[in-house]
Amino acid sequence: MVALPAAAQNRKRARELGVKIGVLPTGKLNAITDVKGVKVGQTTLVQQSHIRTGVTAILPHNGNVFQEKVPAAVYVGNGFGKLAGSTQVQELGNLETPIILTNTLGVATAVNAVIGYTLQQPGNEKVQSVNALVGETNDGGLNDIRGRHVTEQHVVAAITQATDGAVAEGNVGAGTGTVCFGFKGGIGTASRVLPQSLGGYTVGVLVQSNFGGVLQVDGVPVGEELEQFSFKQQITEKADGSCMIVVATDAPVDARNLERMAKRAMMGLARTGGIASNGSGDYVIAFSAHPELRIPYTSGAKTQTVTLLRNDEISPLFMAVIEATEEAIINSLFKAETTTGNDKRVVEALPVEKVLKLMKKHNALKQ
């Protein structure tokens with residue numbers, strides 16, 4: 001674990017600077033941890049001049065996730081990537097481990113770590129199959145990815161140190177070495193809370209941003225006006241990358257409607273200017289943390305009765321997912337700082353002051 005650089009601590013989130021995306025209110029933390037029970041833990045590896053990587057863990061509730069599985073779904077926006085464990089989630093509609101995000105070549109290590117962590121949990125002494133869910137983006141531009149510096153201990157540390165408080169963003173965890181829209185990317189998060197008349201439910205999103213396109217901030221063509229975007233000057237900028245998106249809610253929705261919510265996260269990505277290019281692995285994992293929907297590993301009952309939100313009540317959740325995803329991506333850019341990494345490559349942070357001037361020019365800042 002490393003401490004965040006002072007620059008990262010000083011950079012503000014988009015909303016703190018008057019960039020208020022969407023119309024729905026945020027949760028108290030404006031983070032995925034606004035969904036009750038959800039925890040996030042991160043291990044950040046910044047070592048020597050060539051290691052810029054890490055691990056981000058998302059826990060759906062405080063208990064033993066294997067023994068109390070949660071409804072979950074996966075949606076693939078573009079499948080150039082590795083999301084280990086996704087087929088069982090799609091088949092059974094549930095999640096049985098923490099969600100782990102890391103770099104591309106760290107997936108196998110993370111899977112092994114999650115398996116070991118799960119087998120050692122009290123109550124799991126007879127477990128013989130574990131479906132670890134591990135996603136990735138490729139941080140090889142700034143990180144010595146071939147060195148495979150993420151260890152099982154780093155993964156377990158992220159899980160065991162997870163908290164339900166504020167989530168560090170930018171150059172942390174799995175976002176330590178990522179690049180987004182040609183600027184430094186990273187971890188970002190946001191949340192939305194529906195009014196009581198629409199159910200009062202919370203939706204939280206966390207992203208690992210590492211993709212290309214033409215950046216827009218709340219509809220303002222920032223990438224175009226800063227003249228930094230994919231395919232500029234006969235494709236001199238590489239668009240490929242990836243984005244991992246995790247959607248959490250406390251709404252009582254099953255795997256089918258969670259998949260529908262996951263699809264809307266790609267609409268939030270599109271609103272930032274992302275294009276889901278050929279080499280981009282764009283995956284969305286969605287789960288419900290509603291305690292009454294948990295699925296016991298073993299039970300003497302042959303049936304399970306639950307109360308679910310009707311299809312006609314889902315649209316506000318779609319809107320919440322879109323807004324929270326868009327803001328989470330923008331937060332990942334606002335919070336990330338300029339980074340020098342492997343082979344002395346430098347990736348500049350988003351020039352926030354210039355962005356704010358453009359926002360003012362377009363009358364897009366809100367007080």
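**Exercise 1. Which residues does Met261 touch, not counting residues up to four places away in sequence?**

Solution. Begin with the conventions. This is a predicted model, in which local features need pLDDT of at least 70 and side-chain atom pairs count only at pLDDT 80 or more, while totals for chains, interfaces and linings use all residues. Residues are numbered from 1 along each chain as its sequence is written, and side-chain values use heavy atoms, with hydrogens and water left out.

Step 1. Contact means heavy atoms within 4.5 Å. With that cut-off, Met261 touches Val203, Val247, Thr249, Val253, Leu317, Phe318 and Val321.

Step 2. A nonpolar core is a set of buried Ala, Val, Leu, Ile, Met, Phe, Trp, Tyr and Cys residues joined through side-chain atoms within 4.5 Å. Buried means under 20% relative accessible area, exposed over 50%, and partly exposed in between (1.4 Å probe, protein chains only). The largest nonpolar core has 51 residues, and Met261 is among those that touch the most other members, together with Leu215, Val217, Ile245, Val247, Leu317 and Phe334.

Step 3. List the contributors. Helices (H or I, at least four residues) and strands (E, at least two) are DSSP runs, numbered from the N terminus. Two or more residues of this core come from each of β10 (202-210), β11 (242-249), α7 (255-271), β12 (281-288), α8 and α9. Helix α8 gives the most, with 10 residues. A second, separate core of 27 residues includes Ala31, Val70, Leu95 and Val246.

**Exercise 2. Describe the length and the surroundings of α8.**

Solution. Step 1. The expected span of a helix is 1.5 Å times one less than its number of residues. Helix α8 covers residues 315-335, 21 residues in total, and its 30 Å from first to last C-alpha is close to the expected 30 Å.

Step 1. Because 19 of its 21 residues are buried, α8 is largely enclosed by the rest of the structure.

**Exercise 3. Sort the buried and exposed residues of α9 by side.**

Solution. Step 1. The buried residues are Val352, Val355, Leu356, Leu358 and Met359. They lie on the same side of α9, because they cover an arc of only 160 degrees around the axis (the arc of the directions from the helix axis to the C-beta atoms).

Step 1. The face turned away from the buried side of α9 carries the exposed residues Glu353, Lys354, Lys357, Lys360 and Lys361.

Step 2. The buried residues of α9 pack against α5 (222-225) and α8.

Step 3. Most residues other than glycine have a negative phi. Asn363, in the segment after α9 (352-361), has a positive phi of about 55 degrees although it is not a glycine. Asn363 counts as exposed, at 72% relative accessibility.

**Exercise 4. In what order do the four strands of the open sheet stand?**

Solution. Step 1. The order is β1-β2-β5-β6, with mixed pairing. Two strands pair if DSSP finds at least two bridges between them.

Step 1. β1 and β6 (133-137) stand at the edges with a single partner strand each, so one side of each has no neighbour in the sheet.

Step 2. Three bridges join β2 to β5 (residues 99-103), and these two strands run antiparallel. Thr56 stands opposite Leu101 in β5.

Step 3. Gln48 is in the loop between β1 (39-47) and β2 (51-59). Gln48 is not a glycine, yet its phi is positive, about 50 degrees.
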